[in-house]
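Please consult the sequence and the structure shown here before reading on.

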Amino acid sequence: MDALTDVVQLLRPKTVLMGSMVAYGDWGVQVPSQPGPMLYFIMEGSAQFRAGDGETTSLETGDFILSGNPTADIFFSRPDQEIVLSDEEFKALNTVDGEIRVGQVRSGTPTRIIGGCILCDPTNADLLSELLPTLVHVRAEEGIGARLSNLIAYIRDEAANSRAGSDLILSRLLEVLLIETLRREASTLPNPGMLRGLSDPQLARAISDIHSDVRRGWTIAELAQRAGMSRSAFARKFSAAVGLAPVEYLLRWRMAIAKDTLRHSRRSLEEVAEKVGYQSASAFSTAFSQRVGCPPSEFARMAGAT
């Protein structure tokens, strides 16, 4: 199991399909603000896309978009097109056979878009925001490899053919597509983060070591040796890529696991402390309170009430 899989499992993601839209002629639609990142797939036709005040992106059949902060995502046919918010009233007026239809029906080549919202467990939702770029655009003609191409083909097939279990299958396929997209983007992300660290083989070894034995009191010297680097060079490279010092990353990952365990299990404080590498419940409680802002017992009570 690699570090990226560890994080995704801790996030407990679920992709909720937001439905399908087909547009004709001149049209413009704004997607309402969503509670999680959005995946959009262009099944047919072409469109323009803009996330908030960002740059406009041209989309063609087979392209897909990952929008990391979907507060005002807009799809439209041409510049200066009037934009309509796709709220509940709009959907009620424009939904036919389970699909939103906009524009002058049967006018020209249709554009069909499907979308899914990625919802994660709130316990460690901050990890997802650090992993995701603001926008990823994967073009159909790119050399994106057999795995991603096959995923896209499966998604198009499931979306185009209504069969038993299609919603569940599409949801799972979109989750896998998210992981594959993150892998693809790792080396090009502009900001420091765990994903950038994983794109470097030496740092990936260190991160994987931390994840595989979180109870161990890893030192910079030990991690540097396993990465095949000097202590000083490793520390500089790790901090620059990940945005945290190696030991700080270890402590943060311990807290992420602790929060997930407190929320989703009935383990005692002593068992949670042992699981994440603390010699006593009191030492763990002190560290948890400093980093999370409340004692672990209080966190567990609040989590149980939500």
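**Cavities and strand pairing**

The second largest cavity is lined by V8, L11, P13, C120, L128, L178 and L182. The model is predicted, so that local features need pLDDT of at least 70 and side-chain atom pairs count only at pLDDT 80 or more, while totals for chains, interfaces and linings use all residues. Residues are numbered from 1 along each chain as its sequence is written, and side-chain values use heavy atoms, with hydrogens and water left out.

**Second largest cavity**

- A cavity is a set of points, on a 1 Å grid over the protein atoms alone, where a 1.4 Å probe fits but cannot get out; lining residues have an atom within 4 Å of a point.
- The volume of the second largest cavity is about 30 Å³, a volume being the space filled by probe spheres set on the points, with grid points joined across faces, edges and corners.
- At least two residues of this lining come from each of α1 (3-11) and α5; helices (H or I, at least four residues) and strands (E, at least two) are DSSP runs, numbered from the N terminus.
- The lining comprises 7 nonpolar, no polar and no charged residues; Ala, Val, Leu, Ile, Met, Phe, Trp, Tyr, Cys and Pro count as nonpolar, Asp, Glu, Lys and Arg as charged, and the others, Gly among them, as polar.

**Largest cavity**

- The count is 2 cavities of 30 Å³ or more, and the largest has a volume of about 40 Å³.
- Its lining consists of L39, Y40, F41, F64, I65, I114, G115, G116, L174 and L177.
- Two or more of these lining residues are given by each of β3 (38-44), β6 (64-67), β11 and α5 (166-185).
- By class, 8 residues of the lining of the largest cavity are nonpolar, 2 are polar and none is charged.

**Pairing of β1**

- Strand β1 (residues 14-24) runs antiparallel to strand β11 (residues 111-119), and 9 bridges join them; two strands pair if DSSP finds at least two bridges between them.
- β1 also pairs with strand β10 (residues 99-103), in the parallel sense, over 4 bridges.
- A23 stands opposite T111 in β11 and has V102 as its bridge partner in β10.

**Open sheet**

- An open sheet of 5 strands has the order β5-β4-β7-β2-β8, with mixed pairing.
- Because β5 (56-60) and β8 (84-85) stand at the edges, each with a single partner strand, one side of each is left without a neighbour in the sheet.
- Within this sheet, strand β2 (residues 28-30) and strand β7 (residues 73-76) form an antiparallel pair over 3 bridges, in which Q30 stands opposite I74.

Note on methods. On a 1 Å grid over the protein atoms alone, a cavity is a set of points where a 1.4 Å probe fits but cannot get out, and a pocket is an open set with protein on both sides within 12 Å along at least five of seven lines; lining residues have an atom within 4 Å of a point.
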